[in-house]
Amino acid sequence: MANEQNLRPAWKKGESGNPKGRPRNRVAVFRERIMGKKKAKKYFGIGAFEVTEWYEVLITMDLPDLKLLAADDEAPALARTYARAIIFDMNAGKTTTIDKLTAKLHGKAIQRIEHTGADGSDLNQPRTLTKEEAKDFFNDLENEY
């Protein structure tokens, strides 16, 4: 049977359930505060397709182009940050950032993990406890916890 309270309308006619209205987008407020109203209005979000395109471009750029991108104040933070990380890795003789970008584009490579012992047997040999061993085991657990 329905509760009578649930059958009544939630608010009186003309009364709002949210008198302050929908809260403003905090990202938009922050962007406006940092960039200023005029520049924030020209802002366009970066979509997933564009992010993927940046990854593809970044992993094919040579060092001089990466340096130009890293120094470009008009370039998106994503591109500049990855360009700097790739340059840092190149100077250190590493491929960490390139590997991460490649994994984002093409997925991680399959890694096989050995689940058996050297001869193909189980790592932990199954064993059946006797009644006395099981009783001792449970007593030990009970005493410990």
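Which residue forms a salt bridge with Asp 73, and how far apart are the closest N and O atoms?

**Entry 1, ground rules.** I am working with a predicted model, in which local features need pLDDT of at least 70 and side-chain atom pairs count only at pLDDT 80 or more, while totals for chains, interfaces and linings use all residues. Residues are numbered from 1 along each chain as its sequence is written, and side-chain values use heavy atoms, with hydrogens and water left out.

**Entry 2, salt bridges.** I looked up salt bridges (a side-chain nitrogen of Lys or Arg within 4 Å of a carboxyl oxygen of Asp or Glu), and the structure holds two. In one, the partner of Asp 73 is Arg 80, with 3.6 Å between the closest N and O atoms. I then checked accessibility, where buried means under 20% relative accessible area, exposed over 50%, and partly exposed in between (1.4 Å probe, protein chains only). Asp 73 is exposed at 62%, whereas Arg 80 is buried at 18%.

I noted the other pair as Glu 133 with Arg 127, at 3.6 Å from N to O; Glu 133 is partly exposed at 34%, and Arg 127 is exposed at 61%.

I found a nonpolar surface patch of about 570 Å², made by Leu 129, Phe 137, Phe 138, Leu 141 and Tyr 145. Patches take residues with over 30% relative accessible area and no salt bridge, joining like charges within 9 Å and nonpolar side chains (Val, Leu, Ile, Met, Phe, Trp, Tyr) within 5 Å. I followed Phe 137, which is partly exposed at 44% relative accessible area and lies in helix α8, residues 131-144, helices being DSSP runs (H or I) of at least four residues, numbered from the N terminus.

Methods. Areas by Shrake-Rupley, 256 points an atom, 1.4 Å probe, with all protein chains shown as cover. Helix = DSSP H or I, 4+ residues; strand = E, 2+ residues; numbered from the N terminus.
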